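Have the model open as you read.

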Amino acid sequence: MKAISILLAVSLVTFCNALEDTKENRASQADRYLKVNPPSEQFGKIVTSMVRDLPESQKENWTKLMPENLDEKTLTKDMKELLIETFSAGELKALADLYSTPEGRSALEKLQTYQATTSGLMNRAMRSAIEKTRAQLRKNGPPKDRKQE
């Protein structure tokens, strides 16, 4: 529920602070977003997650060498292009605004866990509804079309 509230707040902020959706504004807001959420930081989180599965004797080397071998300039350029292609200027502004606050960063990190958990809950609910629907169809047949009545 908190995640939905956060997304609604971001939507409201975006609406109230509408920004002309030009390529220049998208680029400017993409730069703001990448400044508060740098690709190198995102890469570091992925590396940290990846090395968890490595033997203890290899973790230190991988943790040290992976960031050194990252072509950060190319990654940043490619991510900026993707941001500009994907989001409007207002959406990028909202994301940059959200990532620039500790609460926003925390909420977005928690949102990934929430979405993963929600996915499991949704799958369980879907399987249950499918089972009930199949049982209902076996028992009663397909519902009658009301237009024919």
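A salt bridge here is a side-chain nitrogen of Lys or Arg within 4 Å of a carboxyl oxygen of Asp or Glu. Keep in mind that this is a predicted model. Searching the whole structure turns up ten salt bridges, and the table shows three of them, including the link between lysine 45 and glutamate 109.

| Salt bridge | Closest N and O atoms |
|---|---|
| Aspartate 21 with arginine 26 | 2.7 Å |
| Lysine 45 with glutamate 109 | 3.0 Å |
| Glutamate 81 with lysine 77 | 3.1 Å |

Elsewhere, salt bridges with shared partners join Arg32, Lys93 and Asp97 into one network.

What about aromatics? The structure holds one aromatic pair. The ring centres of tyrosine 33 and tyrosine 99 are 5.4 Å apart with planes at 85°, so the pair is edge-to-face. Because tyrosine 33 is in helix H2 (residues 23-36) and tyrosine 99 in helix H6 (residues 89-99), the pair ties together parts 66 residues apart in sequence. Both tyrosine 33 and tyrosine 99 are buried.

Back to helix H7 (residues 102-140): its 39 residues should span 57 Å at 1.5 Å a residue, and its end C-alpha atoms are 55 Å apart, which agrees. The buried residues of H7 are Gly104, Arg105, Ala107, Leu108 and Leu111. After H7 comes glycine 141, with a positive phi near 80°.

Definitions and conventions
Residues numbered from 1 in each chain as written. Predicted model: local features only at pLDDT ≥ 70, side-chain atom pairs only at ≥ 80, totals over all residues. Heavy atoms only, no water. Phe/Tyr/Trp six-rings, centres within 6.5 Å; stacked < 30°, edge-to-face > 60°. Helix = DSSP H or I, 4+ residues; strand = E, 2+ residues; numbered from the N terminus. Buried < 20%, exposed > 50% of the residue type's maximum accessible area, 1.4 Å probe, protein only. Expected span 1.5 Å × (residues − 1).
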